[in-house]
Amino acid sequence: IILMSLTGTSDPYVKFKIGGKEVFRSKTIHKNLNPVWEEKTCILIEHLREPLYIKVFDYDFGLQDDFIGSAFLDLTSLELNRQTDVTLSLKDPHYPDHDMGSILLSVLLAPREEQREVISLSIFTRSLCLSDLHRKSQLWQDIVSVTLIEGRELKAMDANGLSDPYVKFRLGHQKYKSKIVPKTLNPQWREQFDFHLYEERGGIIDITVWDKDAGKRDDFIGR
């Protein structure tokens, strides 16, 4: 069972790739398991044998976005000059037997007038229906409560001989980030975080410590 968001919702967006190159990214729709985009794009296709790769993500502000599922569209299966509604089932290679939901596209494949060998693919991203795995009604078995108390003698990452430390916690798709304590190697946090344990999930919490740097990438202190 996968929980993409602790609030029981997702902030989904879609990426489209051909030949490993990203050709379009949709807008993000916040707090919605059944978003409707109503977005349109036009992509030039050099070779129909390369499928259109579609990946759906859950946007997480300040953290790595969660992968929801992906699908392939075989362009050779489309008729020229005919708009077709296509429903694709999303899959996650790590959970091949799980229903990750589906995405509905409206596609039109047509020759480009100036270059007959080049095909123009119009994609109308209509809607996404995420599976019940992402809904708030999921049954969890236990709660693990983690209290972050303090850090001692952390490594100095800044020129002033200090750091601006914060801590990230991750259990599967559940993620937390502590507050930042400025200019110290012995921070005091006193924060509590609750993780839900599900029947099919393991129990390893990944804990990393970082130094906040304004205007550039944060420094990794340790795991």
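Modeller: Contact here means heavy atoms within 4.5 Å. By that rule Ile-54 touches, beyond four places in sequence, a set of residues that includes Val-14, Phe-16, Leu-73, Leu-88, Ile-103 and Leu-105. Keep in mind that this is a predicted model.

Biologist: What makes the largest group of 24 residues a nonpolar core?

Modeller: A core is a set of buried residues of listed nonpolar types, joined through side-chain atoms within 4.5 Å. The largest such set has 24 residues, and Ile-54, Leu-73, Leu-88 and Ile-103 have the most contacts inside it. Strands S1, S3, S4, S5, S6 and S7 each give two or more residues to this core. The largest share, four residues, comes from S7. A second, separate core has 12 residues, including Val-167, Val-181, Trp-189 and Ile-221.

Biologist: Why might one look for such groups at all?

Modeller: Because nonpolar side chains tend to be buried together in soluble globular proteins.

Biologist: Why is Thr-208 called buried?

Modeller: Buried means under 20% relative accessible area. Thr-208 has 4% relative accessibility, so it counts as buried. Thr-208 lies in strand S13, residues 206-211. Beyond four places in sequence, Thr-208 touches Tyr-166, Val-167, Lys-168, Phe-220, Gly-222 and Arg-223.

Biologist: What makes the pairing of the Thr-208 and Trp-210 side chains a polar contact?

Modeller: The cut-off for a pair of N or O atoms is 3.5 Å, and one must be able to donate a hydrogen and the other to accept it. The Thr-208 and Trp-210 side chains make their polar contact at 2.8 Å. The pair therefore qualifies under the limit of 3.5 Å.

Biologist: How many helices and strands does the chain have?

Modeller: The chain has zero helices and 14 strands. Of its 223 residues, 43% are buried. Residues 24 or more positions apart supply 59% of the contacts with a separation of 6 or more.

Biologist: Which strand has the lowest mean pLDDT, and which the highest?

Modeller: Strand S8, residues 119-129, has the lowest at 59, and strand S14, residues 219-222, has the highest at 96. pLDDT is the predictor's confidence on a scale from 0 to 100. The chain mean is 80, and 79% of residues reach 70 or more.

Biologist: Where does pLDDT stay under 50?

Modeller: One stretch is residues 1-7, with 32 contacts beyond four places in sequence in the model. Another is residues 133-138, with 23 such contacts.

Technical notes. Residues are numbered from 1 along each chain as its sequence is written. Side-chain values use heavy atoms; hydrogens and water are left out. Buried means under 20% relative accessible area, exposed over 50%, partly exposed in between (1.4 Å probe, protein chains only).
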